[in-house]
Amino acid sequence: MRRIFLVDMGHRFMNQLMEKQVLLYLLFVVFFSISTLDSAPTLQEKQKQTKPSELIKRDSHSEIVIPVVGLNLHLFADEKSDVLRKLKFGEPVQYDKNSLESPKEDWIPVKLNDGLSGFIKRSVVRSVPPKQYLSTLLFEAERMILSKQVDFLAKQEITDSIFTISSTGKFTGDEFIFIRAKAGFFLKKTVDLMNEKGIKPDNDPATLEFLKHHQTKLLYDYTSGKYYVDSNYFWKLLESYPKTKHSDYAGYLATESLPLVDCGVDLRCRLEELRKGKLRYLYLFPTGNYVSLYTKDLVKELGSITKDPDSITCFQPVSEGIKSEINQMIRYASEIGPREKKQILPHLQILKKECIR
């Protein structure tokens, strides 16, 4: 019996040993397979190269937008070649169809307005169909103007470039008012940044030159020591192109460009600010995109003035300035949309009753 027991124990031991060996073998096979897969070379799809003939066709039917400040213009299609000069944001360039160098995927041969030729990196610029040129240019300009990562000098250059391009005669009608309105908006944002940072032109020659260049579009408030874009820049734009696709946008910018004035209890001053801005917008654009917003603001401001008729500051004898403002505002309000008129006109009638007797 003891012998049989020992034999049985031996068989069990051998079976367990064999099972462990099989398990170790399987683990080894799996590990080896995974290692082999990891180390096996992967097949990468070869990037398709554009044929020179296709590059020439694509470039010759496109317009190039320079969306950065200080892009290098190289002598040859090589990073190590001489830099002829740095291009400004939005600087007009044309595809140089007479270039002697064979077309390359990473480079575009270009010719500048001054006749200088060279090569720019394709990956940096935007090459678009002619119909998309203006929208792409303004999109890239606005992106940089609104970016906090772009410094003040760069924003000056972008603003100058857009004004220069708008004056080339390339754009007319709707396109002209759009690029001029955007240029005014970029000027406003750039000047706002200057005011915010407290940059003094007297100590900064480049900024002084920038302001001189745009002096006909700017106002200076001696009280606050700040510069503003003159809202008349936008209103005059509207007078020249009264019914274009982008007139409403220009009217909005005109309204928003009015500097904040602390009128205090001066009734004439308060009424004048409302008439020159938001009420004028409603008068010119009764179906504009900002009608609801400006109507709400006007009703709120006029409501605060007329809430208590006895406290309206139009003491006798009422000045001709106050009378003139009230009459002009009533005339404007009589010609705006019926819904807006219903909300605004009652407040003006209260003013007329109390001040013009």
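In the predicted model, a disulfide (a pair of cysteine sulfur atoms within 2.5 Å) joins Cys314 to Cys355, with an S to S distance of 2.2 Å. The torsion about this S-S bond is about -85°, so the disulfide is left-handed. Cys314 lies in the loop between helix H10 (291-306) and helix H11 (320-333), whereas Cys355 belongs to helix H12 (residues 338-355); the pair therefore ties together parts that are 41 residues apart in sequence. Helices here are DSSP runs of H or I with at least four residues, numbered from the N terminus. Cys314 is buried at 8% relative accessibility, and Cys355 is buried at 2%. Buried denotes under 20% relative accessible area, exposed over 50%, and partly exposed the range in between, for a 1.4 Å probe and protein chains only.

Residues are numbered from 1 along each chain as its sequence is written, and side-chain values use heavy atoms, with hydrogens and water left out. Because the model is predicted, local features need pLDDT of at least 70 and side-chain atom pairs count only at pLDDT 80 or more, while totals for chains, interfaces and linings use all residues.

The count of disulfides comes to 2. Cys263 and Cys269 are also joined by a disulfide, with an S to S distance of 1.9 Å. The link of Cys263 and Cys269 is left-handed, with -55° about the S-S bond. Cys263 has a relative accessible area of 15% and is buried; Cys269, at 9%, is buried as well. With bonded cysteines counted along the chain, the disulfides follow the pattern 1-2, 3-4.

Helix packing was examined for H4 (residues 152-166) and H6 (residues 205-213), whose axes come within 11 Å and cross at roughly 25°. The axes are lines fitted to C-alpha atoms over the stretch in contact, and angles run from 0 to 180 degrees between N-to-C directions. H4 and H6 are therefore roughly parallel to each other, a term for angles under 35 degrees. The contact (heavy atoms within 4.5 Å) is made by Phe152, Leu153, Gln156, Thr159 and Asp160 of H4 and by Ala206, Thr207, Phe210 and His213 of H6.

A further residue considered was Asn232, which is placed in helix H7 (residues 231-240). Asn232 counts as partly exposed, at 35% relative accessibility. Asn232 and Leu258 are 26 residues apart in sequence, and their C-alpha atoms are 9.2 Å apart in space.

Note on methods: Helices (H or I, at least four residues) and strands (E, at least two) are DSSP runs, numbered from the N terminus. Angles under 35 degrees count as roughly parallel, over 145 as roughly antiparallel, 65 to 115 as roughly perpendicular and the rest as oblique.
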